[in-house]
Structures are given as structure tokens and as C-alpha cells.
Amino acid sequence: MMKEKRELFCNACGKKIRIENGILREDVFEGKKVWGYFSDKDAVYHSFILCEECYDKMISGFSIPVEETAVTELI
Ligand SMILES: [Zn+2]
């Protein structure tokens, strides 16, 4: 889970994500990646969040659409 933060912003548009009592009131995309050896970013940890709007914008630019699987129960 996401580290508890007082304030959270979408990395793309800078929008403030609504948090009440430490709980996210809207769903966001969390990107996390430790870049390894075979990258140009030797062992650097990247993380960002995207609001749903920016996430939709990002995936709309994909050549191959995201895989979609219906989940019956949210984890
Ligand atoms: Zn955004």
C-alpha cells in the first residue's frame, strides 16, 4: 500500500488527490519501478501516481490496449 502521506498529488497534472483521515477518496494509479542493471537508470527507484483522468490519457496513447480482467472482489 501507499505510504501514508498528508498530501498527494497526481504527478502528471498536479491535481491534489482527496484524502480523508488517511484514506484515499479517489482511486489512483501507482507506478513503481526499480530500474536495474540493463537500463540507463542504474538502480534508481521511480514512483509516481496518476489520477484516473491522467491514467486514461496515458493508456489511450498505447498501441496495444491494456489487458482488462474483471475482478469480482477488490483486493
Ligand atoms: Zn492527473
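In which loop does Asn21 lie? In this predicted model, Asn21 is placed in the loop between S1 and S2. The backbone of Asn21 has a phi near 50°, a positive value in a residue that is not glycine. As a general rule, most residues other than glycine have a negative phi. Asn21 counts as exposed, because its relative accessibility of 79% is above the cut-off of 50%.

A positive phi is also found at Ala43, where the angle is about 55° although the residue is not a glycine. Ala43 is located in the loop between S3 and strand S4, the latter spanning residues 44–51. With a relative accessibility of 59%, Ala43 is classed as exposed.

The charged residues were then examined for salt bridges. A search of the whole structure identifies five salt bridges. One of them pairs Glu26 with Arg18, with 3.8 Å between the closest N and O atoms. Arg18 is partly exposed, at 48% relative accessibility. Glu26, by contrast, is buried, because its relative accessibility of 19% falls under the 20% cut-off.

A further salt bridge links Glu20 to Arg25, and the closest N and O atoms are 3.9 Å apart. Glu20 is partly exposed, having a relative accessibility of 43%. Arg25 is likewise classed as partly exposed, with a relative accessible area of 44%. Glu30 and Lys32 also meet through their side chains in a salt bridge, with an N to O distance of 3.5 Å. For Glu30 the relative accessible area is 30%, which places this residue in the partly exposed class. Lys32 is partly exposed as well, at 49% relative accessibility. Elsewhere, salt bridges with shared partners join Lys15, Arg18 and Glu26 into one network.

The side chain of Glu26 makes a polar contact of 3.2 Å with the side chain of Lys15.

Asp27 is placed in the loop between strand S2, residues 23–24, and strand S3, residues 28–35. Is Asp27 buried or exposed? The relative accessible area of Asp27 is 63%, so the residue is exposed under a cut-off of 50%. On the surface, Asp27 gathers with Glu52, Glu53 and Asp56 in a patch of negative charge.

Cys10 and Glu30 are separated by 20 residues in sequence, and their C-alpha atoms are 9.8 Å apart in space. Glu30 is the residue that forms the salt bridge with Lys32.

Definitions and conventions. Residues are numbered from 1 along each chain as its sequence is written. This is a predicted model: local features need pLDDT of at least 70, side-chain atom pairs count only at pLDDT 80 or more; totals for chains, interfaces and linings use all residues. Side-chain values use heavy atoms; hydrogens and water are left out. Patches are made of residues with over 30% relative accessible area and no salt bridge: like charges are joined within 9 Å, nonpolar side chains (Val, Leu, Ile, Met, Phe, Trp, Tyr) within 5 Å. Accessible areas come from the Shrake-Rupley method with a 1.4 Å probe; for residues, only the protein chains shown count as cover. A salt bridge is a side-chain nitrogen of Lys or Arg within 4 Å of a carboxyl oxygen of Asp or Glu. Lys and Arg count as positive and Asp and Glu as negative; His and the chain ends are not counted. The place of a charge is taken as NZ of Lys, CZ of Arg, CG of Asp or CD of Glu. Helices (H or I, at least four residues) and strands (E, at least two) are DSSP runs, numbered from the N terminus. Buried means under 20% relative accessible area, exposed over 50%, partly exposed in between (1.4 Å probe, protein chains only). A polar contact is a pair of N or O atoms within 3.5 Å; within protein, one must be able to donate a hydrogen and the other to accept it, and residues adjacent in sequence count only if both atoms are side-chain atoms.
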